Amino acid sequence: MSDPRATTAPRRHLLSVADLTRDDVERVLDTASSLAASIDREVKKLPTLRGRTVVNLFYESSTRTLASFELAAKRLSADTMSIRSAGSSVDKGESLKDTALTLAAYDPDVIVMRHPSIGAPQLVARLTDAHVVNAGDGKHQHPTQALLDLYAIREALGRLDGVRVAIVGDVLHSRVARSLVQALTLVGGETVLVGPPTLVPRGIGGLGCEISHRISAIGDADVVYVLRMQRERMGEAFVPSLREYTALYGITPARVRAGQVVMHPGPMNRGIEIDPRVADSEQALVTDQVRAGLVVRMAVLYDVLTVAPVEARERAEVA
Ligand code: NCD
């Protein structure tokens with residue numbers, strides 16, 4: 001897994017799915033598959049990133065994303081530390097710029113970052129010499145979630161090309177939905193976004209997906225992808241009541257047909273967007289998604305550190 005270009009590769013980030021080509025996506029998923037095979041044994045640690053430093057900088061709550069990035073870095077033998085805004089100098093009013101410059105003084109190879117403001121990871125990418133991986137910026141992007149979801153779909157269904165995914169619920173506030181639609185389009189999948197008009201913005205059709213306000217539109221999907229109702233981002237009433245939302249769009253056993261798989265990025269609001277009987281059923285891939293998160297984030301850390309960006313590869317081919 002060593003790459004001779006590692007020392008000469010220009011700095012590479014993962015800020016948005018829009019930065020990726022289909023080849024990039026397939027390479028990361030394939031690396032994740034081979035990592036899954038190699039850590040499926042007693043000694044789970046690989047020496048691949050020994051001597052590298054990965055800093056996780058999280059300005060928003062996280063369980064899965066932070067835990068998996070931290071474990072991914074450790075499994076690849078990198079040194080890692082995690083800084084959450086709560087309890088750090090951010091609480092004392094330190095700006096993102098000053099925090100980034102402070103951390104940059106420790107010379108990290110990768111900064112993994114989550115922030116409520118769109119574009120914050122781009123800012124840190126400009127301010128520091130680290131490779132920056134976006135772990136969620138506001139409503140904008142969550143590219144590693146999209147990659148792990150593709151990985152989990154490929155594992156469950158054996159393909160991505162032609163897979164039809166219905167994404168249901170609070171699309172408006174969802175960086176997961178935006179990233180996943182783009183990623184599915186790259187690999188030949190189809191998406192239909194399903195939810196009330198207040199939560200599915202019309203303009204999002206421009207990303208190349210269908211839109212429906214009827215729950216019956218999930219019927220012909222291979223994957224029912226349930227989104228969390230993001231109550232913390234809902235300043236005003238987007239739905240008349242959660243009870244009404246659940247009645248119209250909640251994913252219940254009666255609404256899921258045999259042969260479909262159900263996904264949710266977590267954290268789940270059981271009894272609101274997803275019925276516990278569905279969440280705990282054989283059809284649910286929620287735990288598979290969590291497991292995929294570890295190997296895919298290992299693959300992403302490896303990829304940003306060792307593979308030259310597309311333009312650099314093309315230039316090298318021309319030369
Ligand atoms: C998502 C997020 O933070 O965008 N969660 C996650 O990363 N697993 C989705 C959500 O919060 O609903």
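Select Gly266 and the ligand. In this predicted model, a backbone N or O atom of Gly266 lies 3.0 Å from a nitrogen atom of the ligand. Now show the ligand's surface: alone, the ligand exposes 320 Å², and the protein buries 93% of that.

Stay at Gly266 and step to Pro267. The peptide bond joining Gly266 to Pro267 is cis, with omega near -5°. Pro267 belongs to the loop between β9 (261-263) and α8 (276-279).

Next, pick two side chains that face ligand oxygen. His142 places a side-chain N or O atom 2.8 Å from an oxygen atom of the ligand. For Thr65, a polar side-chain atom is 3.0 Å from a ligand oxygen atom.

Now select the whole shell. Around the ligand are Arg64, Thr65, Arg114, His142, Gln145, Arg175, Val176, Arg228, Gln230, Pro265, Gly266 and Pro267. Color the shell by class: 3 residues are nonpolar, 5 polar and 4 charged. Then highlight α2 (64-75) and α6 (175-186); each supplies at least two shell residues.

Zoom out and color by domain. Where does the ligand lie relative to domain 1 and domain 2? Domain 1 (4-142 + 292-307) and domain 2 (143-289) both contribute to the shell, so the ligand lies between them.

Last stop: Ser77. Find Ser77 in the loop between α2 and β2 (79-84). Its phi is near 70°, a positive value in a residue other than glycine. Most residues other than glycine have a negative phi, and most peptide bonds are trans.

Technical notes. Residues are numbered from 1 along each chain as its sequence is written. This is a predicted model: local features need pLDDT of at least 70, side-chain atom pairs count only at pLDDT 80 or more; totals for chains, interfaces and linings use all residues. Side-chain values use heavy atoms; hydrogens and water are left out. A residue is near a molecule or strand if one of its heavy atoms lies within 4 Å of it. A polar contact is a pair of N or O atoms within 3.5 Å; within protein, one must be able to donate a hydrogen and the other to accept it, and residues adjacent in sequence count only if both atoms are side-chain atoms. Accessible areas come from the Shrake-Rupley method with a 1.4 Å probe; for residues, only the protein chains shown count as cover. Helices (H or I, at least four residues) and strands (E, at least two) are DSSP runs, numbered from the N terminus. Ala, Val, Leu, Ile, Met, Phe, Trp, Tyr, Cys and Pro count as nonpolar, Asp, Glu, Lys and Arg as charged, and the others, Gly among them, as polar. Domain bounds come from an automatic or database domain assignment.
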